[in-house]
Amino acid sequence: MGNVQPTIVPYEDFDVTADIKALRMACKGFGTDEEAIIQILANRSAAQRVEIKQAYFEKYDDVSTCLHRFSVAPKMRLHVHAVGSVVVQELEEVLKKELTGSFENAVVAMLEPPHIYFAKELRKAMKGAGTDEDVLVEILCTATNEDILCYKDTYAKVHERDLEADIEDDTSGDVRNLLMSLLQASRDGGYDVDEGLAEQDAASLIEAGEGRFGTDESTFNFILTRRNYLQLQATFKVYESLSGTDILDTIDSEATGTLKDCYITLVRCAKNPQLYFARRLNAAMKGLGTDEDTLIRLIVGRSEIDLETVKDMYLEKYDVTLKDALDSECGGDFKRLLIQILH
């Protein structure tokens with residue numbers, strides 16, 4: 001939507017051989033050159049980073065040296081050369097041995113193609129005891145049709161599981177119904193606005209919401225998951241003119257729990273996706289602790305899409321730069337990596 005800008009673009013003077021040599025040197029010996037790792041990863045596109053990790057062991061055939069150093073069974077050498085997917089894993093394993101904590105997590109995230117990273121985040125949100133519905137809402141309620149279809153396909157390939165089946169099993173009630181609607185990838189992909197439809201939808205939302213919310217969530221689900229963003233913006237304007245209330249205020253007073261979070265996310269993304277992500281980043285840094293996983297997901301995940309615009313929205317909303325906010329809330333190599341991604 002609109003003219004949005006990334007912070008990371010393909011590196012013009014990309015030299016994969018030079019990069020893998022530099023990464024190898026950064027991990028050799030007794031110390032680790034974290035700054036070299038940061039400068040390479042934060043200044044290469046996702047496609048270039050994937051090329052780096054795929055080339056790493058194709059270039060360095062003395063895998064046994066690395067395997068011995070990191071106490072990995074020598075028989076793994078066979079798999080490194082025989083199975084492409086394991087080659088992709090090996091650079092990650094080398095870096096995992098050298099790095100720790102959130103810095104390690106961010107580096108590993110940067111070495112994944114984005115669609116694989118998000119498929120893994122979705123699985124992680126549902127794996128084990130309890131479901132991290134905040135992550136499901138953040139990823140699925142902000143996704144395009146193309147994103148959804150890609151996540152479903154990648155999820156099946158990576159996890160040998162069905163995303164829809166897992167969502168259905170791990171959620172319930174109206175939240176499940178809404179997420180399942182989103183997984184159909186049925187949102188209008190156009191940019192046309194039908195004013196008559198906006199008036200019709202606004203009237204339907206008023207009837208379904210104010211005064212009797214909880215009886216007709218299907219109306220909200222259908223409209224919020226099917227209409228294009230410009231159409232929704234027109235609908236929200238008519239809604240306010242007819243009801244005298246901003247639709248977000250209605251949702252805030254009438255809905256609860258995760259369903260409320262879903263609706264607020266969908267409405268805010270329809271109005272201004274980059275402002276939504278700025279709010280989400282701020283929430284991750286508010287309070288006593290810092291939600292570093294969310295910082296990684298948003299800063300790495302949006303870096304080649306609209307992070308530059310998200311930075312602008314953050315400054316406009318909070319009167320402080322995102323860089324300064326990260327500088328005060330994060331520390332060490334993790335902070336340096338995130339700030340480098342911001343450029």
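Let's start at the lining of the largest pocket, which counts 21 nonpolar, ten polar and eleven charged residues. (Nonpolar takes in Ala, Val, Leu, Ile, Met, Phe, Trp, Tyr, Cys and Pro; charged is Asp, Glu, Lys and Arg; the others, Gly among them, are polar.) This is a predicted model, where local features need pLDDT of at least 70, side-chain atom pairs count only at pLDDT 80 or more, and totals for chains, interfaces and linings use all residues. Residues are numbered from 1 along each chain as its sequence is written, and side-chain values use heavy atoms, with hydrogens and water left out.

Now select Thr142, Ala143, Thr144, Asp147 and Arg302: of the 42 lining residues, these lie nearest the centre of the largest pocket. A pocket here is an open set of points on a 1 Å grid over the protein atoms alone, with protein on both sides within 12 Å along at least five of seven lines, and lining residues have an atom within 4 Å of a point. Its volume is about 870 Å³, meaning the space filled by probe spheres set on the points, which are joined across faces, edges and corners.

Next stop: the largest cavity, holding about 70 Å³ of space. In a cavity, a 1.4 Å probe fits but cannot get out. Pick out its lining, including Leu140, Cys141, Ser181 and Thr225.
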